[in-house]
Amino acid sequence: MTIARTRQISLDHTAYYHCTSRCVRRAFLCGRDRFTGRNFSHRRQWIENRLAMLASVFAIDLIAYAVMSNHYHVVIRIDAQRAMQWSDEEVATRWGQVFSIPAETVSAETLSKWRERLCSISWYMRCINEPLARWANREDDCAGRFWQGRFKSQALLDDLALLKCMTYVDLNPVRAGIATTPLDSAHTSVRARITGNAKHLVQFSDSPANASQPVNLTSREYFSLLDWTGRAIRAAERGVVSSDVPSTVAVLVKDAKQWSREIKHYGRWYYRAVGARDSLERYSRHLGVQWLKGSKMGSGKLQFGT
């Protein structure tokens, strides 16, 4: 059942969302197309550059991303309060970085509309996808749709859901067999963080200045979790149960075996939302549906250690 986007995005339930856009044509978005032999790897950088640019425009924080062969993932946070605090001049300046501003005086109504759009997931995804489609169509010398009709959005209803989704997104190249480690995973947020190119991303709480960041863990904890999870998934595929659990991972994840299974099967086990049972029940009532696909592991509240 199709549910209106305005209903799926509910800041009363969460400010965190996982969005995915997929190419509609057989030709690849990025990488080497096995049908034509052409290599589109340079398009990955188009997307990364666009994400970095939009981070300075929208009141939407970029937490994680991965650019794959025919689709990409972003994990984002909507900060509507920040957009409401911008002056009219700042709203116009930010909007003008993406769209042309009319020469005549802009009305208060128009500025209000721009302000709302600068914290809208639909407009954020539109500002990624539309230019990419134009550039790709020009390069392919064709016209028509480049992306599927609607991007997919998934509500992340609690801390554990956010961490699961970040891990799933950053490990996409590892799970797909494109990379062997997170460091080898080009065009992902984890690679950007490891190489020091993460100014456009939400920072971890490595210092007191970042203590209020939404991702309440250190870089060391997160990198350790990613590294162990990637190895555990690969070991499970060989029929081996990984018992080498770092202390940081043991503190973050109470059931290591279940955690690795959830990340491996995340794309099949979850759909519209991820969260603890009570969060899923509240969100399903908001959507007007009887139930939501997804497992109910954990309490939804992470407890971090040192």
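**Close-up views of a predicted model**

**View 1. H187, a buried loop residue.** With a relative accessibility of 18%, H187 falls under the 20% cut-off and therefore counts as buried. Please keep in mind that this is a predicted model. H187 sits in the loop that links α8 to α9 (189-194). Have a look at its backbone too: phi of H187 is near 60 degrees, a positive value in a residue that is not glycine.

View 2. V74 belongs to β3, which spans residues 71-78. Is V74 buried or exposed? At 0% relative accessibility, V74 counts as buried. Leaving aside residues up to four places away in sequence, V74 touches Y17, H18, C19, L51, L62, A64, Y65 and M125.

**View 3. The buried face of helix α12.** Helix α12 covers residues 256-264, and its buried residues are A256, W259, S260, E262 and I263. Looking down the axis of α12, you will find these buried residues within an arc of 160 degrees, so they line one face of the helix. What do the buried residues of α12 pack against? Their partners are α7 (159-170), α8 (172-175), α10 (219-237) and α13 (266-269).

**View 4. Helices α2 and α6 packed together.** Two packed helices are described by the angle between their axes and the distance between the axes. Here α2 (residues 42-55) and α6 (residues 121-140) pack at about 150 degrees, and their axes are 10 Å apart. The two helices α2 and α6 are therefore roughly antiparallel to each other. Their crossing is right-handed. On the α2 side, the contact is made by H42, R43, W46, I47, R50, L51 and L54. From α6 come Y124, C127, I128, P131, L132, W135, A136, E139 and D140. Sorted by class, this contact of α2 with α6 has eleven nonpolar, one polar and four charged residues.

**View 5. Helices α7 and α10, two of the partners of α12.** The axes of α7 and α10 are 10 Å apart, at an angle of about 60 degrees. The pair α7 and α10 is therefore oblique. The crossing in which α7 passes α10 is right-handed. Which residues meet here? L163, M166, T167 and D170 of α7 meet Y222, L225, L226 and T229 of α10. By class, the contact of α7 with α10 has five nonpolar, two polar and one charged residues.

How values were computed:
Residues are numbered from 1 along each chain as its sequence is written. This is a predicted model: local features need pLDDT of at least 70, side-chain atom pairs count only at pLDDT 80 or more; totals for chains, interfaces and linings use all residues. Side-chain values use heavy atoms; hydrogens and water are left out. Buried means under 20% relative accessible area, exposed over 50%, partly exposed in between (1.4 Å probe, protein chains only). Helices (H or I, at least four residues) and strands (E, at least two) are DSSP runs, numbered from the N terminus. The arc is that of the directions from the helix axis to the C-beta atoms. Contact means heavy atoms within 4.5 Å. Axes are lines fitted to C-alpha atoms, for helices over the stretch in contact, and angles run from 0 to 180 degrees between N-to-C directions. Angles under 35 degrees count as roughly parallel, over 145 as roughly antiparallel, 65 to 115 as roughly perpendicular and the rest as oblique. A crossing is left-handed if the near helix is turned anticlockwise from the far one by less than a right angle, and right-handed if clockwise. Ala, Val, Leu, Ile, Met, Phe, Trp, Tyr, Cys and Pro count as nonpolar, Asp, Glu, Lys and Arg as charged, and the others, Gly among them, as polar.
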